[in-house]
Amino acid sequence: MPDTTATPDLTPTPGQTVGPFYGYAMPFDHDNELVPPAKAGAVQLHGIVYDGAGAVVPDAILEIWQADENGIVPRANGSLRRDGFTFTGFGRNAVDPEGRFTFSTVNPGATEAGKAPFISVVIFARGLLNRLFTRVYLPEDTEALAADPLLSSLDEDERNRLIATREADGSLRFDIRLQGEDETPFLRFPGHED
């Protein structure tokens, strides 16, 4: 008699796009303010999300995760907390009708000596079966950028598309292109395959 109690190998199924209907459930008060904009040391991370034809994407949502200015990755519960004192390292922002996003945050510190500081970004948008992952690197520490394993694995043009531009007011500009000639390099993690 065959063994009918064995569990077959199970594989994950892909995510599905059924919207965008997430706008009512995902936003929360001050979701894009990891720190209050007027706080000392606050910096603005901003940009525009474009599709493969170069048109703005008016309905994307971005999430960021990052270390604080000392390179400490927050691990406490309550990433949606916005009390003006607690840095949770997490933010969310729905783009406006012109595809613009903005976060009020801090320049992340390196999590290890000599490592390049970066901000992790997740993009949700119409037409994406699964969310996209990328990074925003700070432009200043060129030595750490040159030694970064991810950046070192890319050609120069792709590498430059992951490094933000520091603007005259101190803000970080980082545009995201979902497809096309200047597509933002996206990361693939085990278990998040298409």
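Predicted model: local features only at pLDDT ≥ 70, side-chain atom pairs only at ≥ 80, totals over all residues.
How many aromatic pairs does the count come to? The count comes to three aromatic pairs.

**Trp 65 and Phe 90**

Start with Trp 65 and Phe 90, whose ring centres are 4.4 Å apart; their planes meet at 45°, so this pair counts as tilted. The reasoning is simple: an angle under 30 degrees would count as stacked and one over 60 as edge-to-face, with the rest called tilted. Trp 65 belongs to strand β2 (residues 61-66) and Phe 90 to strand β3 (residues 90-94), so the pair ties together parts that are 25 residues apart in sequence.

**Phe 118 and Tyr 137**

Another tilted pair is formed by Phe 118 and Tyr 137, with 5.6 Å from centre to centre and 50° between the planes. Here Phe 118 sits in strand β5 (residues 118-124) and Tyr 137 in strand β6 (residues 132-137), so parts 19 residues apart in sequence are tied together by this pair. Phe 118 is partly exposed, with a relative accessible area of 25%, while Tyr 137 is buried, at 0%.

| Pair | Centre to centre | Angle between planes |
|---|---|---|
| Trp 65 and Phe 90 | 4.4 Å | 45° |
| Phe 118 and Tyr 137 | 5.6 Å | 50° |

**Thr 88, in a loop**

Now find the loop between β2 and β3, where Thr 88 lies. Is Thr 88 buried or exposed? Thr 88 counts as buried, because its relative accessibility is 10% and the cut-off for buried is under 20%. Its side chain makes a polar contact with the side chain of Arg 82, at 3.3 Å. Setting aside neighbours within four places in sequence, Thr 88 is in contact with Pro 74, Gly 78, Ser 79, Arg 81 and Arg 82.

One last stop is His 30, in the segment before β1 (43-50). What is the phi of His 30? The angle is positive, about 55°, although His 30 is not a glycine. His 30 is also partly exposed, with a relative accessible area of 47%.

Conventions: Residues numbered from 1 in each chain as written. Heavy atoms only, no water. Phe/Tyr/Trp six-rings, centres within 6.5 Å; stacked < 30°, edge-to-face > 60°. Helix = DSSP H or I, 4+ residues; strand = E, 2+ residues; numbered from the N terminus. Buried < 20%, exposed > 50% of the residue type's maximum accessible area, 1.4 Å probe, protein only. Polar contact = N/O pair within 3.5 Å; in protein donor to acceptor, adjacent residues only side chain to side chain. Contact = heavy atoms within 4.5 Å.
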